[in-house]
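The sequence and structure are shown first.

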Amino acid sequence: MSEEVKLQILAAWNRYTAEHIRRCKKNEGSSAQHEEYCRIFRDGILRHPKLSKKEKEELLVKIGFYPPPA
């Protein structure tokens, strides 16, 4: 089950990054909105009930966020 959840999270992140790049090319992107989205996305991963701590850290590294301090 956790592999499916991880794939869903990665797919959602990839959709967001593609959309963000498209908006930036059209000068519609906002760095403040991007930072807020990244914070919310990171917090969502850290609070996810079906993933272990190791899986959460693995996802954060794959996405490009640093793992949270121990």
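## Overall architecture

Of the 70 residues in the protein chain, 26% are buried (relative accessible area under 20%; over 50% is exposed and values in between are partly exposed, with a 1.4 Å probe and protein chains only). This is a predicted model, in which local features need pLDDT of at least 70 and side-chain atom pairs count only at pLDDT 80 or more, whereas totals for chains, interfaces and linings use all residues. Residues are numbered from 1 along each chain as its sequence is written, and side-chain values use heavy atoms, with hydrogens and water left out.

The protein chain has 3 helices and 0 strands, arranged α-α-α from the N terminus on. Helices (H or I, at least four residues) and strands (E, at least two) are DSSP runs, numbered from the N terminus. The C-alpha trace spans about 40 × 25 × 15 Å along its principal axes. Of the contacts (heavy atoms within 4.5 Å) between residues at least 6 apart in sequence, 54% join residues at least 24 apart.

Two packed helices are described by the angle between their axes and the distance between the axes. Here, axes are lines fitted to C-alpha atoms, for helices over the stretch in contact, and angles run from 0 to 180 degrees between N-to-C directions.

The axes of helix H1 (residues 2–25) and H2 cross at roughly 180 degrees and come within 12 Å. H1 and H2 are therefore roughly antiparallel (angles over 145 degrees; under 35 is roughly parallel, 65 to 115 roughly perpendicular and the rest oblique). On the H1 side the contact involves Ile 9, Ala 12, Trp 13, Tyr 16 and His 20, and on the H2 side His 34, Tyr 37, Cys 38, Phe 41 and Ile 45. These residues comprise 8 nonpolar, 2 polar and no charged. In this classification, Ala, Val, Leu, Ile, Met, Phe, Trp, Tyr, Cys and Pro count as nonpolar, Asp, Glu, Lys and Arg as charged, and the others, Gly among them, as polar.

## Packing of H3

Helix H2 (residues 31–46) packs against helix H3 (residues 53–63) at about 155 degrees, with the axes 9 Å apart; the two are therefore roughly antiparallel. Phe 41, Arg 42, Ile 45 and Leu 46 of H2 meet Lys 56, Leu 59, Leu 60 and Ile 63 of H3. This contact has 6 nonpolar, no polar and 2 charged residues.

The axes of H1 and H3 cross at roughly 25 degrees and come within 11 Å, so these helices are roughly parallel. Ser 2, Lys 6, Ile 9, Leu 10 and Trp 13 in H1 meet Glu 55, Glu 58, Leu 59, Lys 62 and Ile 63 in H3. By class, there are 5 nonpolar, 1 polar and 4 charged residues.

## Ile 45

Ile 45 lies in helix H2 and is buried, at 2% relative accessibility. Apart from neighbours within four places in sequence, Ile 45 contacts Ile 9, Lys 56, Leu 59, Leu 60 and Ile 63. The C-alpha atoms of Ile 45 and Ile 9 are separated by 8.2 Å, although these residues are 36 residues apart along the chain.

## Cysteines

The structure holds 0 disulfides (a disulfide being a pair of cysteine sulfur atoms within 2.5 Å). For Cys 24, the nearest cysteine sulfur is that of Cys 38, 11 Å away. Cys 24 is partly exposed, at 38% relative accessibility, whereas Cys 38 is buried, with a relative accessible area of 12%.
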